[in-house]
Amino acid sequence: MSTNRHILDAIGNTPCVELRHVVPDGCARVFVKLEGLNPTGSYKDRMAVSIIEEAEKRGDLKPGMTIVEATGGSTGSSLAFICAIKGYDFTVVSSNAFAEEKLQTMAAYGATVDIVSSPTGKITPELIPSMRVRAKELSQNGDCYYTDQFSNPDVLVGYGSMGRELLGQIPEGIDAFCGAVGGAGMVLGVAKVLKSKNQNCRITVLEPASAPAITKGHGGPHSVEGIGIGFLPPLLDKTLYDDARAVEEAEGRRMSRRLAKEEGVLAGTSTGLNVVAAIELAKELGPGKIVATVACDSGLKIRRIVLGDEM
Ligand SMILES: Cc1ncc(COP(=O)(O)O)c(C=O)c1O
């Protein structure tokens, strides 16, 4: 067993498993990358490193500066983790619409958490834009670097490793890959790598049916953390995906419970959406083909949703 000498080396190289129970007979095989095994329990650790280290390389981020970001708490937990390691102060704008566990995680890593209130407790189309305005405002006080995850192409760099790992873990070849989008960094970062190996690999981006900004051009209130940001993600490059689909939130939530009970994969609702769509694609592609998707997180930071308190 190799020894990780540095905590940053604990990011990535996550397992990729085949789903054995929730995929009906007569379908393509479905593989899921278990990103909950990253240090903060989410794939966002990959982008938090790249967003910080690319800025350091350019000289935009220097020791002593404060990092500022608006986030539901997955990116925020990952950035708080990297800031703790590298010694940066971190001010994070989040909201009561996201799990208390995430807010507590960011604080535990030493972040200063600033809350924008959502009166309904839902993720509305106005919420993320108002969190971004607040983050921008805060970043103008003092020597700050606003990582601006929704518009920052440095996030794509971090997800290249996930694509390369998938190619190594599924040597038979990947016919389709799908993922739900927030900022769209994960799907597009992986898509770049998969398409460079096989131009015909089909890439499908997903969103909650109640917030169909990509498929119908408007947002809406929902409770799927991390996705459905209410506007078209600026990083969503149309040349890198083949189609977009909306998935019912309730179906995603049901699937995330089935994944825990039937496959032993504990993950949040966005993962449920990913697997619902992966199975849909697997039915369309049929036997002999392979669909890959991602278990975005460990589910532990969104326990109340996985367990259904929010239903
Ligand atoms: C739990 C979860 N799933 C999915 C996503 C979407 O990832 P991306 O922003 O790379 O599109 C996020 C992003 O915050 C997330 O937190």
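Q: Which residue in S8 stands opposite Phe177?
A: In this predicted model, Phe177 faces Ile203 of S8.

Q: What makes strands S7 and S8 a pair?
A: Pairing asks for at least two bridges between two strands. S7 (residues 176-180) and S8 (residues 202-208) have five bridges, in the parallel sense, so they count as paired.

Q: What packs on the sheet and touches S7, S8 and strand S10?
A: That is H6, whose direction makes about 165° with that of S7.

Q: What is the order of the strands in the open sheet of six strands?
A: The order runs S1-S2-S10-S7-S8-S9, and the pairing is mixed.

Q: Why are strand S1 and strand S9 said to stand at the edges?
A: Strand S1 (16-18) and strand S9 (243-247) each have a single partner strand, so one side of each lacks a neighbour in the sheet. From one strand to the next, the twist averages 25°.

Q: Why is Ala282 called buried?
A: The cut-off is 20 or more other C-beta atoms within 10 Å. Ala282 has 25, so it qualifies as buried. Its place is in helix H8 (residues 269-285).

Q: Which residues does Ala282 touch, not counting residues up to four places away in sequence?
A: Ala282 touches Val23, Cys27, Ala28, Val30 and Val291. As for Arg29, it lies 253 residues from Ala282 in sequence, while their C-alpha atoms are 6.7 Å apart in space.

Q: Which residues of helix H3 are buried?
A: In H3 (residues 100-108), these are Lys102, Leu103, Thr105 and Met106.

Q: How do you know that the buried residues of H3 line one face of the helix?
A: Viewed down the axis of H3, they fall within an arc of 160°, so they share one face. An α-helix has 3.6 residues a turn, so residues three or four places apart point the same way.

Q: What covers the buried residues of H3?
A: The cover includes helix H2 (74-86), strand S4 (89-95) and strand S5 (112-116). Just after H3, Gly110 takes a positive phi of about 105°.

Q: How many residues surround the ligand, and which are the closest?
A: There are 17, and the closest are Ser74, Gly182, Met186, Gly226 and Ser270. H2 and helix H6 (185-197) each supply at least two residues of this shell.

Q: What classes of residue make up the shell around the ligand?
A: The shell has six nonpolar, nine polar and two charged residues, with Gly counted among the polar ones.

Methods
Residues are numbered from 1 along each chain as its sequence is written. This is a predicted model: local features need pLDDT of at least 70, side-chain atom pairs count only at pLDDT 80 or more; totals for chains, interfaces and linings use all residues. A residue is buried if 20 or more other C-beta atoms lie within 10 Å of its own, exposed if 12 or fewer, and partly exposed in between; C-beta atoms are placed from the backbone. Helices (H or I, at least four residues) and strands (E, at least two) are DSSP runs, numbered from the N terminus. The arc is that of the directions from the helix axis to the C-beta atoms. Two residues are in contact if their C-beta atoms, placed from the backbone, lie within 7 Å. A residue is near a molecule or strand if its C-beta atom, placed from the backbone, lies within 6 Å of it. Axes are lines fitted to C-alpha atoms, for helices over the stretch in contact, and angles run from 0 to 180 degrees between N-to-C directions.
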